[in-house]
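Here is a short note for a colleague who is opening this structure for the first time. Please keep the view at hand while reading.

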Amino acid sequence: MQEYTSSSQQVVAPRNNKRNQTHRAAILVSLGALMITLPMVLVSSVIVYFQVLRLNLPGVAIYDQDVGWRTQEETAALIDEIWNQDRQVILVSSKNTKTTFRFSSKDLGYWIDSAATAKAAYDIGRTADPFSDVQGALKGEKRVILPVLYFDETAAIRALETLAEDLTIPAKDASISYQSNSWVALPGVNGQTLDIETTLKLLHENAFMNLITQSATLQMKSLSPVISNLNFVLDDIDTVLSQELTSSAYDPITDGHFSWSVPIETKRSWVIANPNTFEVHLSYNPQDVENVFKMWEAELGERRSLSDLPDWDAIIAMWQKGQNVHATIYHSPTIYNVEPGESLWGISLKLGIPMWYIIDANPGLTTDNLKGGMNLTIPSKNILLPLPVVPNKRIKINISEQQMQVLENSQIRNTYPVSTGVSDSPTMTGTFQIQTHEINAYASNWDLYMPHFMGIYEAWPDFMNGIHGLPLLSNGHRLWASTLGTPASYGCIILDLEAAEDLYNWADAGVVVEIIN
């Protein structure tokens with residue numbers, strides 16, 4: 001029995017242990033299953049939470065900007081503000097002076113698609129297998145994406161073109177300079193300009209890095225001079241400078257002759273080399289010519305100027321052909337202050353201007369209202385020379401000597417005795433001109449004929465005083481033949497018949513007649 005009992009007891013003990021082991025195993029399996037399903041439930045709960053609230057997962061960043069826990073709309077607004085609204089790029093030139101220019105990224109053609117970038121951030125954790133993304137987010141892992149970047153080439157070109165003019169330094173051609181009493185050939189100097197094509201290519205290739213650093217480099221390219229060396233033309237300069245650029249002027253009032261030549265110093269400043277032929281020549285423009293003539297005109301004094309000049313372009317053409325440029329000297333109107341007791345007729349004789357010219361130049365003036373202290377405008381003496389002047393012929397009459405000199409090419413051709421006006425009807429002094437020829441003029445006031453009459457000035461409108469031969473009364477009586485050489489006429493200048501005929505044939509219209517006393 002003991003053995004049985006004993007044997008029976010040995011059999012019962014193992015059955016209880018096995019039952020306990022089975023129970024523990026079941027518990028372990030349940031715990032294991034719970035541990036497996038719990039994270040899945042947690043991840044699923046997170047997914048549902050972020051899906052319902054439409055939020056980005058934590059740990060999501062767009063480059064360096066954390067956008068976790070934000071809606072897609074909030075993310076888009078933030079990206080637009082940071083990358084499109086406030087972002088600027090500084091452009092720096094790559095050569096010589098480090099000039100900088102500041103542009104907004106948009107003006108430079110850079111644009112971040114904030115909506116597409118925000119969607120890319122939102123899509124993390126919303127793929128076909130979101131569990132790994134969510135698990136990583138729960139573990140604190142970072143998920144970084146880059147902004148969606150577009151490059152507008154047209155906008156970039158427009159921005160670069162606005163800089164091109166400021167950045168361009170033109171190349172300098174080789175030039176000639178007169179230094180320390182000798183000519184020197186200065187070498188050409190390279191210039192530079194913006195290389196738009198290369199800069200545009202790099203702006204495209206380095207777009208994101210340019211936006212991150214907010215800087216980019218402008219690419220420059222060299223500009224070569226057309227003429228780099230002019231040493232070979234130095235020997236030609238003296239030949240060019242030997243070209244005479246001349247002008248002359250004649251003053252018909254004073255019988256003064258002037259001649260000028262462009263100074264060598266001025267011509268030196270006009271020496272250049274032709275970029276097409278590489279020949280040395282003088283280059284001057286209308287302003288240069290005008291400046292030269294102003295310099296010459298200043299030598300004449302305040303009341304004289306040059307007239308009858310061709311225009312500046314015509315002068316340049318004449319000089320290029322080696323021709324002289326001729327001008328007439330003009331006397332400006334003057335102001336005369338009337339002394340007490342003076343008469344208009346006396347002023348007229350004193351100044352050598354017929355009285356009616358003075359009246360015309362002063363509206364309202366008459367012989368009766370002239371007063372001491374008045375300022376009268378006296379016309380230019382050139383008003384008495386209405387015809388083109390004959391420069392190589394001149395007639396000089398000296399009232400005090402009652403003599404006429406006829407000059408040609410500044411040489412005395414003839415000298416004649418004359419009779420001028422009597423004191424009650426004097427011959428006016430001044431500078432006049434042969435204006436008319438009449439073979440036998442008739443003066444109705446005195447009923448006489450004036451052979452070989454040459455009118456020289458209008459004492460009154462349509463009343464011409466002049467030079468003529470001994471007059472003949474209508475009754476056939478010849479006047480003043482015995483008194484020639486003393487004042488006798490009513491204002492004209494009287495010659496003997498032979499001299500009058502000779503002068504009539506020689507004195508062309510336009511010959512100046514100078515009368516002095």
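This is a predicted model: local features need pLDDT of at least 70, side-chain atom pairs count only at pLDDT 80 or more; totals for chains, interfaces and linings use all residues.

1. Residues are numbered from 1 along each chain as its sequence is written, and side-chain values use heavy atoms, with hydrogens and water left out.

2. Start with helix 11, residues 312–320. Helices are DSSP runs of H or I with at least four residues, strands are runs of E with at least two, and both are numbered from the N terminus. Which residues of helix 11 are buried? They are Ile315, Ile316, Met318 and Trp319. Buried means under 20% relative accessible area, exposed over 50% (1.4 Å probe, protein chains only).

3. What do the buried residues of helix 11 pack against? Their partners are strand 13 (246–251), helix 10 (286–298) and strand 18 (325–331). Contact means heavy atoms within 4.5 Å.

4. Now the ends. At the start of helix 11, a side-chain oxygen of aspartate 311 comes within 3.2 Å of the backbone nitrogen of aspartate 313. Glycine 322 follows the helix, with a positive phi near 80°.

5. Turn to an open sheet of three strands, in the order 2-1-6, with mixed pairing. Strands pair if DSSP finds at least two bridges between them. Strand 1 (residues 60–62) and strand 2 run antiparallel, joined by two bridges. Alanine 61 faces aspartate 66 in strand 2.

Definitions and conventions
A polar contact is a pair of N or O atoms within 3.5 Å; within protein, one must be able to donate a hydrogen and the other to accept it, and residues adjacent in sequence count only if both atoms are side-chain atoms.
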